[in-house]
Amino acid sequence: MATSTPPDVPRIVMPPAEAIAQAAAQLAAGELVAFPTETVYGLGGDAENPAAVAAIYAAKGRPANHPVIVHFSPDGDPGYWSDDVTPAARKLMDAFWPGPLTLILKRAPHIPDAVSGGQGSVGLRCPSHPVAQALLREFERIKGGQGGVAAPSANRFGQVSPTAAQHVRDEFAGLPGVTVHVLDGGEAAVGIESTIVDLSRGFPALLRPGHITPAQIAEVLGEMPRLPGQDSDAPRASGTLKAHYAPRTPLYLCDAGQFAAALAVHPAGERVAVVAFAPTLAALSSALSCPPLSTLSSDISASDDIVTVVLPATPAALATDLYAMLRRLDRANVTHILFERLPDTPAWAAVGDRLGRAAAAFERT
């Protein structure tokens, strides 16, 4: 078995001021610019330009009724985008902005409904990544003080989100009629998309889990938000479809005790990837009479019929590397990925949500 572990700590790269100014000018001209945030790279377009927003949908292959999120700098005014910025919204903004939190509020009448998939609400976020903030400030300056960038993740719809500039380049390379300018700001530190909280209906509701937890939201608001299973009338929001975040390679979830049986019957000549915690891999190595597994990185050999990846011991570390890991496995020429089911605890809920949606794309019916 070959073993791979997560890469080094993500790095932030600050591009030259000229590159940021050029990217802002491209946005103002209606062009698409992929840029880094602390969560993932976003595919940006002028949120008040319906043609630019339509270009985002076309490039991603995204359904027209699936809303996007508007990003603005710490200098931006959320009241420009929503005519109902509630006290609860202000509390959450004060507590978590800039940061990986998106708020769903009622959309101001002058904001095009293209960004909300035709709904009367709008998703707003103020990212903390310094490159994103510099780009958004320059774009707002060009726009005369108020400017927002609609930016879903910079990947084809339903696929693995990008956490590095090269991921974006790989995603859109060769697509006819699609031009995406990429502003390289290094690697995303959080690694999964923002928490989404809906405040458009008079109560807080968690629509997508993320780095900001329900307990943290409850601490600020004094009440626990409704959770996804408790809210049948929630508005549509980014990343909430059953199947999403999927690699090209079929991915299946396994309990720790299922791996040996699954590998014992996998056809000869097929390469399978096993992604599991270190104790599971150690037991598996013994059961399959393999050499002891190491947590050190090693190259994936073309001759290996079982490729293993040691899962980080913390949810934050796994979130940072999850999407890059799936992209590495897509390049490893494996027939399928067996991924250990994550602990069913609040700490693992956000990354478990992404993994569950990735696996749902390959559910056997």
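**Terms and values in a predicted model**

Me: Which residues are linked in a network of salt bridges?
Reply: Glu-193, Asp-353, Arg-354 and Arg-357 form that network. A salt bridge is a side-chain nitrogen of Lys or Arg within 4 Å of a carboxyl oxygen of Asp or Glu. By this rule the count is twelve salt bridges. The model is predicted: local features need pLDDT of at least 70 and side-chain atom pairs count only at pLDDT 80 or more, while totals for chains, interfaces and linings use all residues. Residues are numbered from 1 along each chain as its sequence is written, and side-chain values use heavy atoms, with hydrogens and water left out.

Me: Why is the contact of Lys-143 and Asp-46 called a salt bridge?
Reply: The N to O distance between their side chains is 2.9 Å, and the rule asks for a value within 4 Å, so the pair qualifies. Helices (H or I, at least four residues) and strands (E, at least two) are DSSP runs, numbered from the N terminus.

Me: What makes Asp-46 buried?
Reply: Buried means under 20% relative accessible area, exposed means over 50%, and partly exposed lies in between (1.4 Å probe, protein chains only). Asp-46 has 3%, so Asp-46 counts as buried.

Me: What is the N to O distance for Arg-328 and Asp-321?
Reply: The side chains of Arg-328 and Asp-321 meet in a salt bridge at 3.0 Å. Arg-328 is partly exposed at 23%, and Asp-321 is buried at 3%.

Me: In what order do the nine strands stand in the open sheet?
Reply: The order is 8-2-3-7-4-6-5-9-10, with mixed pairing. Strand 8 (180-182) and strand 10 (205-208) are at the edges with a single partner strand each, so one side of each has no neighbour in the sheet.

Me: Why are strand 3 and strand 7 said to pair?
Reply: Two strands pair if DSSP finds at least two bridges between them. Strand 3 (residues 41-46) and strand 7 (residues 149-150) have two bridges, in the antiparallel sense, so they meet the rule. Asp-46 stands opposite Val-149 in strand 7.

Me: What makes strand 9 a strand with both faces covered?
Reply: Thr-195 and Val-197 on one side, and Ile-196 and Asp-198 on the other, are all buried. Strand 9 (residues 195-198) pairs with strand 5 (residues 101-106) in the parallel sense over four bridges. Three bridges join strand 9 to strand 10, and these two run antiparallel. Val-197 stands opposite Leu-206 in strand 10.

Me: Which residues have the most contacts inside the largest nonpolar core?
Reply: They are Ile-337, Phe-339 and Leu-342, in a core of 43 residues. Helix 10 gives the largest share, seven residues. Domain 1 (17-221) and domain 2 (251-361) both contribute residues, so this core lies between them. A second, separate core has 40 residues, including Leu-92, Ile-111, Ala-154 and Leu-206. A nonpolar core is a set of buried Ala, Val, Leu, Ile, Met, Phe, Trp, Tyr and Cys residues joined through side-chain atoms within 4.5 Å.

Me: How many residues of domain 1 and domain 2 are in contact?
Reply: 18 residues of domain 1 are in contact with eleven residues of domain 2, where contact means heavy atoms within 4.5 Å. The centres of the two domains, taken over C-alpha atoms, are separated by 31 Å. The domain bounds come from an automatic or database domain assignment.
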